[in-house]
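Trainee: Hi! Could you walk me through this one?
Mentor: Happy to. Let's open it up and start with a side chain.
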Amino acid sequence: MTRDEVLAVFKSCDAILEGHFILSSGLRSPLFLQKTLVFRRPDKTEILCKALADKIRAEGFGSVSQVVSPAVGGIIPGYETARHLGLPAIYTERVDGQFQLRRNFWIEPGEKVIVVEDIVSTGLSIRECIDCVRALGADVVAAACIIDRSGGQADLGVPLISLLEFEVPAYAPDNLPPDLAAIPPVKPGSRGLA
């Protein structure tokens, strides 16, 4: 998929929001990609995740045994990408602030896996998921996401495959441009919810 095709899917779902947003990293941004508005549409999700699965294969990472995703945001794209790769999909969940496998999911020592996330900004969630599955003995060969908001800057310790690198301005809360500071912030993400 081209950059314009990926953005067209998000636009068709009214999933590109403008305002003052608190990202899961704590940074602030004038733009938010509300992927849940895309993921509520199976037809749109299928388009993106099939393209991501195709890109994973094209980049030589298709011979893994399963897809692992961080909950909550990575569950749907992880599952749908795994479906197009013909693989099982599992996910990690936060327990006392740390990612763990639950629900009778397992990874064999030495098993080759790929971690799939929705959108990468700083890469924190995906790095925590990678650390979790590595601690269980897995070999994480790569990570993949629909959109890399870091513009290729997130350091995950493994190759990152994305459908789109889309760098969006992000600011520390104490260093906001005046026009952004004038808008009340909202937190649309899921990190930190009880």
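Trainee: Which backbone oxygen lies 3.2 Å from a polar atom of the side chain of arginine 149?
Mentor: That oxygen belongs to leucine 31. Keep in mind that this is a predicted model.
Trainee: Where does arginine 149 lie?
Mentor: Arginine 149 is in the loop between β7 (139-148) and β8 (160-165).
Trainee: Is arginine 149 buried or exposed?
Mentor: Arginine 149 is buried: its relative accessible area is 7%, and buried means under 20%.
Trainee: What is arginine 149 in contact with, leaving aside neighbours within four places in sequence?
Mentor: Quite a list! Among them are Leu23, Ser29, Phe32, Ile119, Ser121, Phe166 and Pro169.
Trainee: Okay, new topic. Which residues does the UniProt "binding site" annotation cover?
Mentor: Ser121 and Arg149, according to the unreviewed UniProt entry.
Trainee: Last one: what does UniProt list for residues 46-153?
Mentor: The unreviewed entry lists "domain: Phosphoribosyltransferase" there. Over residues 46-153 the chain is 33% helix and 32% strand, and the end C-alpha atoms are 27 Å apart.

Methods. Residues numbered from 1 in each chain as written. Predicted model: local features only at pLDDT ≥ 70, side-chain atom pairs only at ≥ 80, totals over all residues. Heavy atoms only, no water. UniProt positions renumbered as here; feature names shortened; annotations may be inferred. Helix = DSSP H or I, 4+ residues; strand = E, 2+ residues; numbered from the N terminus. Buried < 20%, exposed > 50% of the residue type's maximum accessible area, 1.4 Å probe, protein only. Contact = heavy atoms within 4.5 Å. Polar contact = N/O pair within 3.5 Å; in protein donor to acceptor, adjacent residues only side chain to side chain.
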